[in-house]
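Hello,

I am handing over a structure for you to look at. My notes on it follow below.

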Amino acid sequence: VRPSSVQGFLESLPLVFQKGQSKNINAIYHFTFTGDENVKGTVKIKDKKLSTEEGHVGRPDISITADSETWLKFLSKEKNLLIALLTRKIKIKGPPVLMKNFAKCFPL
């Protein structure tokens, strides 16, 4: 089941988090969604635990700014991440490896 909103995406993370895949990850992710939905959220992965908060909390290791519609299409594999990055519909500030680490923790 794919989230139908970016708020739903953020709310689903604790439900689908695979702590076994989060070994050696210690990072704070700031998400900023624009467009149809204007939502900010913080996701923290540390010691195989996940926490989420509304808004931006703490100093991020990586910041992801994305058009909400593009992000949802990316999650449903309708949109290629590289194309979204090249067209600036998704912007990443920080080490790209943290996005790869994030993705492996969630079977989305």
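**Salt bridge and sheet**

The side chains of E69 and K73 form a salt bridge, with 3.3 Å from N to O. Bear in mind that this is a predicted model. The structure holds one salt bridge. Both E69 and K73 sit in helix α2, residues 68-75. They are four residues apart, which is about one turn of the helix.

How exposed are the two partners? E69 has a relative accessible area of 39%, so E69 is partly exposed. K73 is partly exposed too, at 33% relative accessibility. Side chains of opposite charge can pair when their charged atoms come close.

Now the sheet. Five strands make up an open sheet, and their order is β3-β2-β1-β4-β5. The pairing is mixed. The edges are held by β3 (49-54) and β5 (90-93). Each has a single partner strand, so one side of each has no neighbour in the sheet. On average, neighbouring strands are turned by 15° against each other, direction ignored.

Look next at β1 (residues 27-34) and β4 (residues 62-67). These two strands pair in the parallel sense, over six bridges. For Y29, the bridge partner in β4 is I62.

- Helix α1 (residues 6-16) lies across β1, β2 (39-46) and β3. Its direction is at about 20° to β2.
- Helix α4 (residues 97-104) lies across β1, β2, β4 and β5. Helix α4 runs at about 90° to β1.

Best wishes

Terms used. Residues are numbered from 1 along each chain as its sequence is written. This is a predicted model: local features need pLDDT of at least 70, side-chain atom pairs count only at pLDDT 80 or more; totals for chains, interfaces and linings use all residues. Side-chain values use heavy atoms; hydrogens and water are left out. Two strands pair if DSSP finds at least two bridges between them. Axes are lines fitted to C-alpha atoms, for helices over the stretch in contact, and angles run from 0 to 180 degrees between N-to-C directions. Contact means heavy atoms within 4.5 Å. A salt bridge is a side-chain nitrogen of Lys or Arg within 4 Å of a carboxyl oxygen of Asp or Glu. Buried means under 20% relative accessible area, exposed over 50%, partly exposed in between (1.4 Å probe, protein chains only).
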